[in-house]
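Subject: Structure for your review

Dear colleague,

Please find below the structure that I am handing over to you. My notes on it follow.

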Amino acid sequence: MTDTIINRYTVPEIFLKKNKSKIVSLSCYTAQFAKIADKYADIILVGDSMGMVIYGQKNTLSVTKQMMIEHGKAVVNSTKRALVVIDLPFGTYENSKKRAFKVSTEILSKTGASAVKLEGGIELADTIHYLVERGIPVMGHIGLMPQRINIKGKFISQGHSSLEVKKIITDAKSISSAGVFSIVVEAVKESLGKKITSSVSAPTIGIGAGKYCDGQILVTADMLGLSDTFTPKFVKKYANLYSDIDEAIKKYKNEVLNGKFPSAKNIYN
Ligand code: KIV
């Protein structure tokens with residue numbers, strides 16, 4: 001029996017893509033999607049958006065460490081090429097760098113993923129430095145930070161006033177200097193995405209931050225059109241799986257009711 005060859009992107013390889021080639025990233029949480037995404041994506045993020053996408057929660061705040069570990073394992077086990085990054089759940093890292101270290105090491109050692117992602121700017125720079133110095137690669141996340149939904153009130157684009165713009169650029173610079181290997185920039189004007197990208201040494205990965213970022217990320221379920229509810233403007237739907245699945249399940253129901261399924265092909269003789 002031959003072992004499967006695992007030859008994943010490394011953190012330095014991703015970092016060095018800045019100004020060379022765009023970074024293709026997707027958020028996904030399950031083995032089936034990850035296996036396909038792995039063929040094309042440089043980074044797969046096991047994002048805490050799973051709380052909303054998989055578990056039907058209204059935001060990401062109730063996602064737990066255990067959920068990240070279970071889904072992280074599923075994604076790592078079904079991929080061999082992409083760098084796998086796992087979100088640190090809300091409440092597990094913000095108030096103590098030692099807690100951040102503990103939760104990160106547990107998540108990385110139990111899943112086999114290569115890096116963690118955390119949301120925050122200058123206030124988290126010290127924590128990021130602490131983690132990186134101790135062997136934990138960190139992806140940053142600025143702009144719209146979904147874990148801060150209760151401060152903002154709703155999921156809306158960020159950086160509207162000049163003060164906010166200045167703050168987001170300061171955040172980007174401080175986490176880049178602290179050692180993040182990449183920065184997710186969410187829901188800001190394209191001009192701000194461009195400014196951040198040219199101000200930091202770490203590659204930026206935009207989601208609703210325009211085309212000048214060093215890479216792009218979308219939630220796989222969103223870009224596949226898996227939901228019939230509100231989809232943000234920055235999502236492009238490359239498929240319409242909600243209606244495909246609806247059609248298929250309706251057909252199955254009708255065939256069970258009218259006796260067309262199972263047919264001769266589906267039975268044991
Ligand atoms: O949780 C997530 O999937 C994310 C991406 C949208 C960047 O943070």
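Which residues are buried in H5? They are Ala100, Val103, Ser104, Glu106, Ile107, Leu108 and Thr111, where buried means under 20% relative accessible area, exposed over 50% and partly exposed in between, with a 1.4 Å probe and protein chains only.

Before the rest, a word on the source. This is a predicted model, in which local features need pLDDT of at least 70 and side-chain atom pairs count only at pLDDT 80 or more, while totals for chains, interfaces and linings use all residues. Residues are numbered from 1 along each chain as its sequence is written, and side-chain values use heavy atoms, with hydrogens and water left out.

Helices (H or I, at least four residues) and strands (E, at least two) are DSSP runs, numbered from the N terminus. Helix H5 covers residues 97-111, 15 residues in total, and its first and last C-alpha atoms are 21 Å apart, close to the expected 21 Å. The expected span of a helix is 1.5 Å times one less than its number of residues. At the start of H5, the backbone nitrogen of Lys98 has a side-chain oxygen of Ser96 within 3.3 Å. This is a polar contact, that is, a pair of N or O atoms within 3.5 Å; within protein, one must be able to donate a hydrogen and the other to accept it, and residues adjacent in sequence count only if both atoms are side-chain atoms. After H5 comes Gly112, with a positive phi near 85 degrees. The buried residues of H5 pack against H4, strand S3 (83-87), S4 and H6, contact being defined as heavy atoms within 4.5 Å.

Helix H8 (residues 162-178) has 17 residues; from first to last C-alpha it reaches 24 Å, close to the 24 Å expected. Its buried residues are Ile168, Ile169, Asp171, Ala172, Ser174, Ile175, Ser176 and Ala178. An α-helix has 3.6 residues a turn, so residues three or four places apart point the same way. The partners against which the buried residues of H8 pack are helix H6 (125-133), strand S5 (138-143), strand S6 (182-186) and helix H9 (190-199). Gly179 follows H8, and its phi is positive, near 120 degrees.

Nonpolar cores

A nonpolar core is a set of buried Ala, Val, Leu, Ile, Met, Phe, Trp, Tyr and Cys residues joined through side-chain atoms within 4.5 Å. The largest one has 55 residues, and those with the most contacts inside it are Ile44, Leu118, Ile128, Ile142, Ile183 and Ile196. Another core, of 14 residues, lies apart from it and has Ile14, Val85, Val184 and Ile207 among its members. Beyond residues up to four places away in sequence, Ile44 touches several residues, including Leu26, Cys28, Val75 and Leu83.

Surroundings of the ligand

Around the ligand are Ser27, Leu45, Gly47, Asp48, Ser49, Asp87, Lys117, His141, Val184, Ile207 and Val219, each with a heavy atom within 4 Å of it. A polar side-chain atom of Ser27 lies 2.6 Å from a ligand oxygen atom. For Ser49, an N or O atom of the side chain is 2.6 Å from an oxygen atom of the ligand, and for Lys117 the corresponding value is 3.0 Å.

Lys117 is located in strand S4 (residues 115-117). Lys117 is buried because its relative accessible area is 2%. Leaving aside neighbours within four places in sequence, Lys117 is in contact with Leu45, Val85, Ile86, Asp87, Leu88, Met139, Gly140, His141 and Val184.

Individual residues and domains

Asn19 belongs to the loop between helix H1 (11-15) and strand S1 (23-27), and is exposed because its relative accessible area is 72%. Ala187 sits in the loop between S6 and H9 and counts as buried because its relative accessibility is 7%.

A cis peptide bond, with omega about -5 degrees, joins Phe261 and Pro262. Pro262 is found in the segment after helix H11 (241-258).

The domain assignment gives domain 1 (11-238) and domain 2 (241-269), with bounds that come from an automatic or database domain assignment. The C-alpha centres of domain 1 and domain 2 are 39 Å apart.

Yours sincerely
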